[in-house]
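Please open the structure in your viewer and keep the sequence panel beside it.

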Amino acid sequence: MNINPIQIILVIFLWFALSRVILQFRLGQISPILFSFWAVIFTSAIFVVFLPNETTLLAQAVGIGRGVDLAVYASIVILFYLVFRIYVYIESVRHDITKLVRQIALENSPKQKIK
Amino acid sequence: MKTLIIVPAFNEGKSLAGVVTDLRSHGFKDIVVINDGSTDKTKEIAKKQHVILLHHLINRGLGAALGTGFEFAKRNNFDFIVTFDSDGQHKAKEIKSLLAPLFANTADVVIGKRILKTGQIPHSRKIMNFLANVATYAFFGIWTSDSQSGLRAFNKKAIASINIKADRMEVSSEFFREIQKNKLNLVEVPIEAVYTKYSMASSSQESLASVKMPIRLLLGQFRR
């Protein structure tokens with residue numbers, strides 16, 4: 001099997017990324033579900049980088065010529081969805097901050113006698 | 001019957017005193033100013049006006065300020081709410097015509113529809129307002145000629161049922177979602193709007209909000 005320099009570089013980076021995922025899980029920073037998701041992503045990426053020809057079989061099964069094309073299409077779709085989920089999460093955090101600010105404002109309001 | 005005037009204010013130190021004076025001169029005593037994290041003298045000026053002052057520690061936006069005002073009204077058992085801009089765009093004398101349908105029990109929500117004279121506002125602002133009306137109709141099925149008007153009145157039924165989630169200027173359109181969801185009776189009343197250089201600059205975000213609004217409203221649907 002001929003290994004290209006780019007494959008080595010990519011695999012080194014992906015191993016590093018996978019190690020960070022494992023570390024964050026051990027530190028309790030990410031949940032088991034999140035750990036599983038990112039572990040599968042990075043492990044699959046290592047597989048695709050090391051064995052691109054194997055992915056061609058999968059690509060042809062879904063009607064695409066090359067495995068790398070399938071990897072790119074799938075990555076784009078997943079990334080767009082992740083960005084959307086991040087936007088929704090940010091909006092939720094903004095809403096929570098507003099709730100806090102409102103509660104502080106209402107609790108600190110002078111006790112007015114409303115006639 | 002208690003009526004609360006909600007005046008959201010962000011850096012409106014120049015106009016706030018005049019707005020409060022105008023409201024008081026027309027007999028409105030229960031005025032709550034929500035100082036939305038202003039960095040000018042809005043808070044100090046509001047204190048001098050002896051209004052009910054609610055202070056947001058950081059700026060959260062128009063929707064957040066109105067939400068705080070609504071929550072205050074609910075906690076203090078007000079019968080009617082009027083939202084009133086703090087940039088001097090509205091005239092207090094218009095409030096009477098807004099409240100009339102509520103007192104007559106012919107409406108739950110009244111929106112002041114701004115009647116503008118030719119040349120009073122730029123064409124670009126008119127276009128943006130029209131687009132905002134179209135977006136409001138597309139999202140909520142309610143056609144209004146002024147979805148972004150800040151002069152609104154609500155009765156107790158509306159106050160109890162409306163749940164404001166939007167933080168920023170998309171709240172203007174979100175009211176229509178709540179009206180539709182809670183099957184509230186909506187009436188529009190023509191009002192005169194005052195467009196000065198100051199109020200135009202102060203409300204310049206309105207045009208941009210018309211573009212951002214559909215996106216924020218869509219994201220809000222997915223929020224927990």
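How many bridges join strand β1 of chain B to strand β2 of chain B, and do these strands run parallel or antiparallel? Select residues 3-9 and 31-36 of chain B: 5 bridges join these two strands, β1 and β2, and they run parallel. Helices (H or I, at least four residues) and strands (E, at least two) are DSSP runs, numbered from the N terminus, and two strands pair if DSSP finds at least two bridges between them.

This is a predicted model, in which local features need pLDDT of at least 70 and side-chain atom pairs count only at pLDDT 80 or more, while totals for chains, interfaces and linings use all residues. Residues are numbered from 1 along each chain as its sequence is written, chains are lettered from A and ligands numbered from 1 in the order in which they are written, and side-chain values use heavy atoms, with hydrogens and water left out.

**The sheet of chain B**

Widening the selection to the whole open sheet shows 7 strands in the order β3-β2-β1-β4-β6-β5-β7 of chain B, with mixed pairing. At its edges lie β3 (52-56) and β7 (186-192) of chain B, each of which pairs on one side only.

**A residue in helix α5**

Move to B:Thr136, which sits in helix α5 (residues 123-140) of chain B. B:Thr136 is buried, with a relative accessible area of 0% (buried means under 20%, exposed over 50%, partly exposed in between, with a 1.4 Å probe and protein chains only). The side chain of B:Thr136 reaches the backbone oxygen of B:Ala132 at 2.8 Å.

**Where the chains meet**

Finally, select the contact between the chains, which takes 28 residues from chain B and 21 residues from chain A. The count of salt bridges between chain B and chain A is 0, a salt bridge being a side-chain nitrogen of Lys or Arg within 4 Å of a carboxyl oxygen of Asp or Glu.

How values were computed. Polar contact = N/O pair within 3.5 Å; in protein donor to acceptor, adjacent residues only side chain to side chain. Contact = heavy atoms within 4.5 Å.
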